[in-house]
Amino acid sequence: MFLVVRPCGSSSARIHRLHPTPTPHRSRNVVVRCSLSSVQEKGELASELHASQPFPSIRAAKRVILVRHGQSTWNAEGRIQGSSNFSVLTKKGESQAETSRQMLIDDNFDACFASPLARSKRTAEIIWGPRQETIIPDFELREIDLYSFQGLLKHEGKARFGSAYHQWQVDAANFIIDGHYPVRELWERARSCWTKILAHDSRSVLVVAHNAVNQALVATAIGLGPEYFRTLLQSNCGVSVLDFIPRSEGGSPHICLNRLNQTPGSPIAGGKSGGRATSKRIILVCNGSTQGNTEDGFPFAGDQPLNMLGVIQSQKSAELLLDLKVNSIITSPNKACVETATAISKVQEAADCLGADCVPRYVEMKQIGNLDDISNFPPFQPGWLNRVDDGLRTTLWDQSGKAWHSLLNEISDESRAEEVVVAVGHPAIHIALMGRCLNLTKEWLGSFHLDAGSVSVVDFPDGPNGRGVIRCINYTAHLGRWSIPITRSTEDGEESRDMQHRMKLPC
């Protein structure tokens, strides 16, 4: 379970890592992103920083909720859809959309943008329900244009286009067909979509679109280039959340990925990651709320044990993982983390012992200091790590590198066909681990957010030496009534100060 992916580690660990050097920003409002020039070596992710066009400034905090459409008829057939408009929702797809509607029914939205393609349009209509505001169709939100591929079954595409289809599978950023680079075109289109969405006079926006375009929207928002295509999973009716927070000096807003791919079903259920089966997985679990929450007003304050809410959250996380056979649990020595890890271990060991003659299964549990928290961190809101002292961020970043190598080693046993490792730690460490997976730098730490009791999942279809696929980030649906709502009321007009006040609890 980890967050977005790339081969990471040292050469001695059979893992290649690049250490790019950031180029200076031209202004303080510049948005950092990956350049197309970094799309070079097949399968490699890079985080070369460069100045690019900033996002438009905003006057008030804005939250954007992205939803992929439900299962379509061509999804079920395994047919390449692209931007064609011949498929419609299946009964399963309608049911998925209804589940998402129920999940979002109490949330306040000011506007809804949707792709006009039938499968997304119908999903938006179901989720939007009886709300009075008109859904805003935007053709730029259509799915990726795949030209001659569209309408083919996947085996037909392989047979008819050979090397081009292979490149689409293994090196999509450089894939070319009919004289077009579809993924690069999509990334540019996503940028134009953001300009319109951010210019709209609204505080909470629902966007219903497609798999590839939602990947591009997430990636362009946080500054990742087209080489990250297929590393940010978007399941049918999966929900992703981005926070846009205005800067006091104006200019391009701060942007934070609040969650990725919160699905109607379990994030650990069987299925493929980026179209490929996976046998190696790391699951990042944040410990629940601690006793320090009440005293200090914010979660994760120092080395505190779990409070009652935290105990419930840890049990819910253990239940979520019940359908997996966890090989080992790696935990910080922090009291709350150890309690959370112990709860997961006990449920795992009891899972195989439901009959009278069954013997409990032993789950190895290890403590490593590199997953420990740095207790001086302040209360966190979206992008809170941007406001942490640079020295502390450097310490955190260095610490996360050692923890990342340890976790990769845990899933490197080639004698095991399948390996699932659970890591329990402080949200700050887990955020830094996401950056390590993406081959980013410490400057990206403020681009991600994690809540108490959340679960994030990273799959490695090609093993620990290959690129991973982020199945989800900050998944909290398993917490039920104990989770934080996906959206919050934006009826009062106190702009960013209102957002900060509402973020005193993790959001």
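How do β13 and strand β14 (residues 469–475) pair, and over how many bridges? I started my notebook with that one. The two strands run in the antiparallel sense, with 4 bridges between them.

**Entry: what I'm looking at.** This is a predicted model, so I checked the confidence before going on. The chain has a mean pLDDT of 83, and 79% of its residues reach 70 or more. Residues 1–43 are another story, with pLDDT under 50 throughout. The model still has 162 contacts beyond four places in sequence for residues 1–43. I found pLDDT under 50 over residues 47–51 too. Where pLDDT is low, the predicted coordinates should not be read in detail, and I left those stretches alone.

**Entry: back to β13.** I also checked the other pairing: strand β9 (residues 280–286) and β13 are antiparallel over 5 bridges. Here L284 stands opposite S456. Is β13 buried or exposed? I counted 5 of the 5 residues in 455–459 as buried, so the strand is largely enclosed by the rest of the structure. Both faces are covered, with V455, V457 and D459 on one side and S456 and V458 on the other.

Entry: I looked in UniProt, where an unreviewed entry lists H69 and E143 under "active site". They span 75 residues in sequence, yet no two of their C-alpha atoms are more than 10.7 Å apart, so they gather at one spot.

I took H69 next and found it in the loop between β3 (62–68) and α1 (73–77). H69 is buried, at 1% relative accessibility.

E143 sits in the loop between β5 (136–137) and α4 (154–161). E143 is buried as well, with a relative accessible area of 9%. Among the residues that E143 touches I noted G82, R119, R189 and H210.

**Entry: the cores.** In soluble globular proteins, nonpolar side chains tend to be buried together. Which residues touch the most other members of the largest nonpolar core? I got W168, W194, L242, F244 and F448, out of 79 residues. This core draws at least three residues from each of domain 1 (62–262) and domain 2 (280–293 + 302–485). I followed W168 and found that I144, F175 and F229 are among its contacts. There is also a second, separate core of 21 residues, including C337, V424, V457 and C472.

How values were computed. Residues numbered from 1 in each chain as written. Predicted model: local features only at pLDDT ≥ 70, side-chain atom pairs only at ≥ 80, totals over all residues. Heavy atoms only, no water. UniProt positions renumbered as here; feature names shortened; annotations may be inferred. Buried < 20%, exposed > 50% of the residue type's maximum accessible area, 1.4 Å probe, protein only. Contact = heavy atoms within 4.5 Å. Core = buried A, V, L, I, M, F, W, Y, C linked by side-chain atoms within 4.5 Å. Domains from an automatic or database assignment. pLDDT = per-residue confidence, 0-100. Pairing = 2+ DSSP bridges.
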